[in-house]
Amino acid sequence: MGPSMQEFWLKMKTLLVLARQAINQRLNDLGLTSAAGDIIFNLKEELAGLSQEELRERLSIGKAAISRTVDTLVQKGYARRAAHPQDARLRLVSLTQKGREISGRVAEAYQAVFLLIKQDIPEEDFRRVGLMLERIQSNLSGGGKPA
């Protein structure tokens, strides 16, 4: 038998908190929070940048939080905002050279936490967890049938 509803929610919450703490701990030496790390990590391969709305959707955080965090990254010289070429209402956020230089260390922090998560879990079990998480995401986003 699986976990009770309460056990399930507590485990989900605890996993998110522990993962965020592990990322924060690894980014602390860089003077970054996990929110800033998430943005840098997502902009790493985006040479043209992303709009704040795209970042907000990818990271599932509010407009005010994304704006504050991007402001901080701009102030630190890691990111810049520029006019969107197709939509004057939007601003693209991209990494500066300084941001690109630090992005490798940010990616290493995420990789270290990923390896910590996978530790002592057989590859087949970890693959199944990935599939299960995809199904849960699909269910929550309306792709699954209601109970």
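Predicted model: local features only at pLDDT ≥ 70, side-chain atom pairs only at ≥ 80, totals over all residues.
## Basis

Residues are numbered from 1 along each chain as its sequence is written. Local features need pLDDT of at least 70, side-chain atom pairs count only at pLDDT 80 or more, and totals for chains, interfaces and linings use all residues, while side-chain values use heavy atoms, without hydrogens or water.

## Helix α1

Helix α1 spans residues 5-27 and has 23 residues. Helices are DSSP runs of H or I with at least four residues, strands are runs of E with at least two, and both are numbered from the N terminus. From first C-alpha to last, α1 reaches 33 Å, close to the 33 Å expected at 1.5 Å a residue. The expected span is 1.5 Å times one less than the number of residues.

In α1, A22, I23 and L27 are buried (under 20% relative accessible area, 1.4 Å probe, protein chains only). The buried residues of α1 pack against α2 and α5.

## Helices α2 and α5

Helix α2 (residues 34-43) and helix α5 (residues 97-118) have axes that come within 9 Å and cross at roughly 110°. Axes are lines fitted to C-alpha atoms over the stretch in contact, and angles run from 0 to 180 degrees between N-to-C directions. The two helices are therefore roughly perpendicular (65 to 115 degrees).

Contact means heavy atoms within 4.5 Å. Residues making this contact include I40 and F41 of α2, and V106 and Y110 of α5.

## Residue D87

D87 lies in the loop between β2 (79-83) and β3 (91-95). Its relative accessibility is 18%, so D87 counts as buried. D87 and L18 are 69 residues apart in sequence and 39 Å apart in space, C-alpha to C-alpha.

Key
Parallel < 35°, antiparallel > 145°, perpendicular 65-115°, else oblique. Buried < 20%, exposed > 50% of the residue type's maximum accessible area, 1.4 Å probe, protein only.
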